[in-house]
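Hi everyone, thanks for making the time today. Let me put the structure up, and then we can walk through it together.

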Amino acid sequence: MHIIGFSTGNIRDRAIETGVAFARRVEARAIELSALRERELDHLTAALDRLDLSGFDHVSVHAPSRLE
C-alpha cells in the first residue's frame, strides 16, 4: 500500500496552517511540514503546538538543508 501525502511547502505563501487545511480537504493521509529555508524554521516550530495533526497516518518535518 502506498500512502499519498502533501507537503506544506507547496502552498504559495508557505503557510503551514494553510497547507494542513488543504491536506485535510483533499484527504491526504500523510503530511510533510516544510521549512525549506532557515527563515521559515521559527514559524514551523511555533506552529507545532497549535497544529491539529490528528487524522494523518504519517507526519514528517522537512527542516532547512543549510543553516547560517
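So, let's start with the sheet. It is an open sheet of 3 strands in the order β1-β2-β3, with parallel pairing; two strands pair if DSSP finds at least two bridges between them. Strands here are DSSP runs (E, at least two residues), helices are runs of H or I with at least four, and both are numbered from the N terminus. At the edges stand β1 and β3 (58–62), each with a single partner strand, so one side of each is left without a neighbour in the sheet. On average, neighbouring strands are turned by 15° against each other, direction ignored. For angles, axes are lines fitted to C-alpha atoms, for helices over the stretch in contact, and the values run from 0 to 180 degrees between N-to-C directions.

A word on what you're looking at. This is a predicted model, where local features need pLDDT of at least 70, side-chain atom pairs count only at pLDDT 80 or more, and totals for chains, interfaces and linings use all residues. Residues are numbered from 1 along each chain as its sequence is written, and side-chain values use heavy atoms, with hydrogens and water left out. pLDDT is the predictor's confidence in each residue, from 0 to 100. The protein chain averages 88, and 96% of the residues score at least 70. Among the elements, strand β1 (residues 5–7) has the lowest mean pLDDT, 87, while strand β2 (residues 30–34) has the highest, 94.

Back to the strands, then. β1 and β2 pair over 3 bridges in the parallel sense, and G5 stands opposite A30 in β2. Helix α1 (residues 16–25) packs on the sheet, touching β1 and β2, and its direction makes about 170° with that of β2. Contact, by the way, means heavy atoms within 4.5 Å.

Now, which residues have the most contacts inside the largest nonpolar core? They are I16, V20, A23, I31, L33 and L51, in a core of 13 residues. Such a core is a set of buried Ala, Val, Leu, Ile, Met, Phe, Trp, Tyr and Cys residues joined through side-chain atoms within 4.5 Å. Two or more residues each come from α1, β2 and α2 (38–47), and the largest share, 3 residues, comes from α1. L33 has partners along much of the list, including I16, V20, L44, L51 and V59.

S34 is in strand β2. Is S34 buried or exposed? It is buried, with a relative accessible area of 6%; buried means under 20%, exposed over 50%, and partly exposed in between (1.4 Å probe, protein chains only). S34 touches S7, T8, G9, I16 and H62, leaving aside residues up to four places away in sequence.

Most residues other than glycine have a negative phi. E27 is found in the loop between α1 and β2, and it is exposed at 67%.

Finally, salt bridges (a side-chain nitrogen of Lys or Arg within 4 Å of a carboxyl oxygen of Asp or Glu). The structure holds 5 of them. E17 pairs with R50, with the closest N and O atoms 2.8 Å apart. That pair links distant parts of the chain, from helix α1 to the loop between α2 and β3, 33 residues apart. E40 and R37 also meet, at 3.5 Å from N to O; E40 is buried at 15%, whereas R37 is partly exposed at 30%.
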